Amino acid sequence: MRSMAVLEYIRLTPELLQGLPRDSTVFTIVVSPIEVHGQHLPFGTDIYIAEAVRDRVLSALEENRPEVCFVSLPHLYCGSDALPYPGSLSVNATALEGVLTDYCKGLAKQGFKYLVVFDNHGGPRHHLAISSAARRAWRKWRFQLIDPFIDIYRRMIVHDPELLSMTGLRPAECGDDADNHAGTNETSLMMAVCPELVLRDVREVKAAHPPKLSGAAKIVDGLGRLVEALGGKRTGADLRHLAQAIAWTGQDGFLPYMGAPALASKEAGEAMLGAHVKISVRLIEKALSGEDARPVAILEALSLLRRVPE
Ligand SMILES: [Zn+2]
């Protein structure tokens, strides 16, 4: 184990900053909306999970890569596509993208190369904003902004066999469309990360299931099937995921969670945390080896959707 703790950016001075190795300093930042997660989890659910993943990832990397310096930036409590429910504080994607691009620019101008985002929020415009900032930072400054959750989220949605085998979880309990928000997966994660913040006896919280598709959701789903049939497998699947989100939040009186909190367990949360850590470490190692490690976001092919206001 290395003895040096993770540095905090806001405690640095120009002299301390000057001493950091440009090629092997990794900056980290938690980026998340403040968002309603049912009645049983707090607004900061994604933040608590992201902090826990970050701490575990840094411990793993400190052992594997003792030459790497880690510097944490203050949390950015900014996230797009927070659940449109009273209590959520959503930030439009253009603003999020602008802040992240400018942070990358500021770090790149000092000669640094890496900023890793820790995140547990699956909003489509949220991921598109982050990946657009990452694309620009890579193109302009060869700077890598990496959000491993973009990769993990896609794996949850498409039932990626590797993720399911890593966690031992099945569809409808792995954070997919049927378990998308504050359901089994996120409640399990909170049981593992900070059980004192699971605020109700979740066995008494009834399950919320995806609604039947109608209206705009049905049209988007149909478009997704068409794109799939024309060979655009990934974008088609992404559109069908979007259709599910539209159907859920478009219902009158929708519940602020999706899935079955009653089926959550600390063990499932630990298993999912382990997968987050493994996938994140792998991506960061890839970036450190000089390869482009930026994951592809859901709806990346339709990236302009991030400009549609919330
Ligand atoms: Zn969440």
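Is R155 buried or exposed, and what is its relative accessible area? R155 is buried, at 13%; here buried means under 20% relative accessible area, exposed over 50%, and partly exposed in between (1.4 Å probe, protein chains only).

Before the views, a word on the model. This is a predicted model, in which local features need pLDDT of at least 70 and side-chain atom pairs count only at pLDDT 80 or more, while totals for chains, interfaces and linings use all residues. Residues are numbered from 1 along each chain as its sequence is written, and side-chain values use heavy atoms, with hydrogens and water left out.

View 1. Helices (H or I, at least four residues) are DSSP runs, numbered from the N terminus. D151 is buried too, with a relative accessible area of 17%. Shared partners join D151, R155, D160, E162 and R282 into one network of salt bridges. The structure holds 21 salt bridges.

**View 2. Three side chains hold the zinc ion.** H37 (NE2), D46 (OD) and E186 (OE) coordinate the zinc ion at 1.9 to 2.1 Å. Along the chain, these donors follow the spacing H-x8-D-x139-E. D46 in helix α2 (residues 45–64) and E186 in helix α7 (residues 184–193) link distant parts of the chain, 140 residues apart. Both D46 and E186 are buried. Donors are N, O and S atoms within 2.8 Å of the metal (3.2 Å for Na, K and Ca); water is not among the atoms, so sites may look incomplete.

**View 3. D221 reaches across to R240.** In this salt bridge the closest N and O atoms are 3.4 Å apart. The pair links distant parts of the chain, with D221 in helix α8 and R240 in helix α9 (residues 233–250), 19 residues apart. D221 is buried at 9% relative accessibility, whereas R240 is partly exposed at 26%. R225 is also found in helix α8, and its C-alpha atom is separated from that of R240 by 7.4 Å.

**View 4. Two patches sit on the surface.** K105, K109, R139 and K140 gather in a patch of positive charge. Helices α3 (93–109) and α4 (124–141) each give two or more residues to the positive patch. K105 is partly exposed, at 34% relative accessibility. L223, L226 and L230 make a nonpolar patch of about 320 Å². L226 lies in helix α8 (residues 215–229) and is partly exposed, with a relative accessible area of 48%. Patches are made of residues with over 30% relative accessible area and no salt bridge: like charges are joined within 9 Å, nonpolar side chains (Val, Leu, Ile, Met, Phe, Trp, Tyr) within 5 Å.

**View 5. H159 has a positive phi without being a glycine.** Its phi is about 55°. H159 is found in the loop between α5 (148–157) and α6 (161–167), and is partly exposed at 30% relative accessible area. A182, another residue other than glycine, has a positive phi near 55°. A182 sits in the loop between α6 and α7 and is buried, with a relative accessible area of 0%.

Key:
Accessible areas come from the Shrake-Rupley method with a 1.4 Å probe; for residues, only the protein chains shown count as cover. A salt bridge is a side-chain nitrogen of Lys or Arg within 4 Å of a carboxyl oxygen of Asp or Glu. Lys and Arg count as positive and Asp and Glu as negative; His and the chain ends are not counted. The place of a charge is taken as NZ of Lys, CZ of Arg, CG of Asp or CD of Glu.
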